[in-house]
Amino acid sequence: MKQARRRLVVPAYAKVNLGLEVLGLREDGYHELRTLFQAVALHDDVIIEPRASGVTIECAHPAVPCDERNLAVRAAQALLRYAGVKRGLALTLVKRIPVAGGLGGGSSDAAAVLMALDALFKLNLGTTGLYPIARRLGADVPFFLFGGTALGLGRGDEIYPLRRQIESQVVIVDAGRAVSTPAVFRRIDGGLTPRENSSTIYRFVSSDLDGSAAYQILTNELEKAAFEEAPELAGVVRRARTLMRGAGAFFASLSGSGSSVFGLFDDAHSARRAVERLRSTGMTAHRCRTVSLDRYQRAWERALRVAGARPTWSQ
Ligand code: C5P
């Protein structure tokens, strides 16, 4: 096998959930979900340097563990083991995605490591080969092998990219509080009425995704439990949502199990205005845009060209 020597810097994009339905508790202890994932341009950087042996990680963010609890380290170890690569790695995370904020930051870092190592060590696993490794790492990891706009079924790890990709401006409000996803899921169990299928996500997906009317049917069924888990969150989320809608957002929602809130806007002017208003009330807000399947793939191709490699997209 050819040995890679280069230092590689790859993007790990955040996601938001456009609607999230919880259909019931599965036998494996996870919940059966229907959600629409959307990749957004807010991203961490993952820096990867080959070493003789061992996997190390550095990250300046105080809430990010710098040992095997970090999913990026587990991703690297899993892939090296799977492919029988007798090399080590030094990983550095430049964190911009709020930690434990419902934006999939840790999962995206892990998926980025998988895709980067596939290219760096010329393993040619591609999306199909990486998928089983990704889903063993966590339910949100497989989405980040694709990016763009995609339906998530099962545990949220069965990914179906949509032909029609959503293009919009995005404003993300960091509610400044970590929320534990397992704790939020545990809270919904008491009040959960199991049902066979989704009532809104499929209707939404089969609509043309145009116009704000289509978005009004989407709900995040984790919101109530997230507010019970973090009562001080309710006020912040409601204020941010109302403010974004007032500034022209055609959709605004909590992402995943929280705590981040996001709004989608047709134009940069309204998004900028929303950010100004949010900041003037003391909230932390970022403006970015959606990242379609195409853009996601191109960003990866650019990042990997440095290593003389190309991602093997199998979709
Ligand atoms: O798979 P991951 O470790 O990212 O999931 C975090 C936690 O969220 C799980 O341990 C589980 O408690 C909960 N979860 C769930 N059902 C899902 C996805 C996540 O109950 N479909």
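A backbone N or O atom of Arg 155 lies 2.8 Å from a nitrogen atom of the ligand, a polar contact being a pair of N or O atoms within 3.5 Å. The protein covers 75% of the 450 Å² of accessible area that the ligand has on its own (Shrake-Rupley method, 1.4 Å probe). The model is predicted: local features require pLDDT of at least 70 and side-chain atom pairs pLDDT 80 or more, whereas totals for chains, interfaces and linings use all residues. Residues are numbered from 1 along each chain as its sequence is written, and side-chain values use heavy atoms, without hydrogens and water.

A polar side-chain atom of His 31 is 2.6 Å from a ligand oxygen atom, and a backbone N or O atom of Ala 139 is 2.8 Å from an oxygen atom of the ligand. The residues around the ligand (a heavy atom within 4 Å) are Tyr 30, His 31, Leu 33, Gly 138, Ala 139, Arg 155, Thr 181, Pro 182 and Phe 185. Helix 4 gives the most to this shell, with three residues; strand 2 (31-51) and helix 4 (181-188) each supply at least two. Helices (H or I, at least four residues) and strands (E, at least two) are DSSP runs, numbered from the N terminus.

In the loop between helix 2 (105-120) and helix 3 (126-137) lies Lys 122, with phi near 50°. Asn 124 lies in the loop between helix 2 and helix 3 and has a positive phi of about 55°. A cis peptide bond with omega of about 15° joins Gly 258 and Ser 259.

Methods:
Polar contact = N/O pair within 3.5 Å; in protein donor to acceptor, adjacent residues only side chain to side chain.
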